[in-house]
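This briefing covers the ligand site and then the salt bridges.

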Amino acid sequence: MKIIAGSSSPMLAKNLSEKLGIPVADVTIKRFPDGECYVRINEKLDEAIIVQNTYPDKNIIELFLLQDAATNAGAGKITVVIPYYGYGRQDRVFEEGEAVSSEKMARLIEQDAEKVILVNPHKAYITNFFSIDAKICDGVPSLADYFTGKVDAVIAPDKGALEMAKKASGIIKCDYNYFEKTRISGSEVKMEIKDMEVRGKKLLVLDDIISTGGTMAKAVEMLKKQGAEEVHAACVHGLFINNADERIMNAGCSHIVSTDTIESSYSKTSVAEEVAKLLV
Ligand code: R5P
């Protein structure tokens, strides 16, 4: 069995390889002058674990080519680990005529795979779109371990992230809470935490995704205004679109941390351990 490191995830693939004692396959991945992707697996395979994101777009084609090359190299079983399942957010028809990208992506991936592992997809029911074995693992424990002993409470920026905050607080052994949003007018939203004094506290705001950073920056700003001593920002998937990191730091954040589902300088923790549990 070999691990195939897609170009979105070399660190995570290496980490998984070390954890599982499964070597990384010799693979050539390059781009033609017109930007098209070329993939070759330079050895014979019996089983393969491909680690690759479906984000941004260019990584999707690379994933399909890696799956094809793994099949051609003899892999009888292919497991695809998708640390960040891009196109996952459009998971139903919101307006008539729309494509359901999350489902379409599943249709395409399962053509050359027997198993898929997703890390904190947008919604858990996305696994139902796959007709192959589809599992989910959680990046929260690695973030919680990182912040253990460093914060007094974990705050979810909205009710949707409350379960994550609760889980992290259980590991850190601290308090948790969430921001309640009240719409004051068309353009004004009030964000407040009920029944918790934040003054003088060290807090962690935890979300599944930091995209433009708007949600996180707002949460950090509110907590600082309410007197928090330190506010840290953490997410599983750090997309950091359009200087999101600067926006969050300018709001008064002390420290930004993400996992390695999308590899960047903020990837201070790894989901390798949680992924590995689903591979043994
Ligand atoms: C929303 O459902 C997610 O949990 C995140 O809060 C959201 O995707 C963050 O987006 P942004 O960084 O653009 O505010």
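A backbone N or O atom of serine 211 lies 2.7 Å from an oxygen atom of the ligand. This is a predicted model, in which local features need pLDDT of at least 70 and side-chain atom pairs count only at pLDDT 80 or more, while totals for chains, interfaces and linings use all residues. Residues are numbered from 1 along each chain as its sequence is written, and side-chain values use heavy atoms, with hydrogens and water left out.

**Ligand contacts**
- A polar backbone atom of glycine 213 is 2.8 Å from an oxygen atom of the ligand.
- For threonine 215, an N or O atom in the side chain is 2.6 Å from an oxygen atom of the ligand.
- On its own the ligand has 380 Å² of accessible area (Shrake-Rupley method, 1.4 Å probe), and the protein covers 76% of that area.

**Ligand shell**
- The residues surrounding the ligand (a heavy atom within 4 Å) include Arg89, Asp207, Asp208 and Thr212.
- By class, the shell has 2 nonpolar, 5 polar and 3 charged residues, with Gly counted as polar.
- β11 (202-210) and α6 (214-225) each give two or more residues to the shell; helices (H or I, at least four residues) and strands (E, at least two) are DSSP runs numbered from the N terminus.
- β11 gives the most, with 4 residues.

**Salt bridges**
- The structure holds 10 salt bridges, each a side-chain nitrogen of Lys or Arg within 4 Å of a carboxyl oxygen of Asp or Glu.
- In one of them, the side chains of glutamate 43 and lysine 2 meet at 2.3 Å, N to O.
- Glutamate 43 is in the loop between β3 (37-41) and β4 (47-51) and lysine 2 is in strand β1 (residues 2-5), so the pair ties together parts 41 residues apart in sequence.

Conventions: A polar contact is a pair of N or O atoms within 3.5 Å; within protein, one must be able to donate a hydrogen and the other to accept it, and residues adjacent in sequence count only if both atoms are side-chain atoms.
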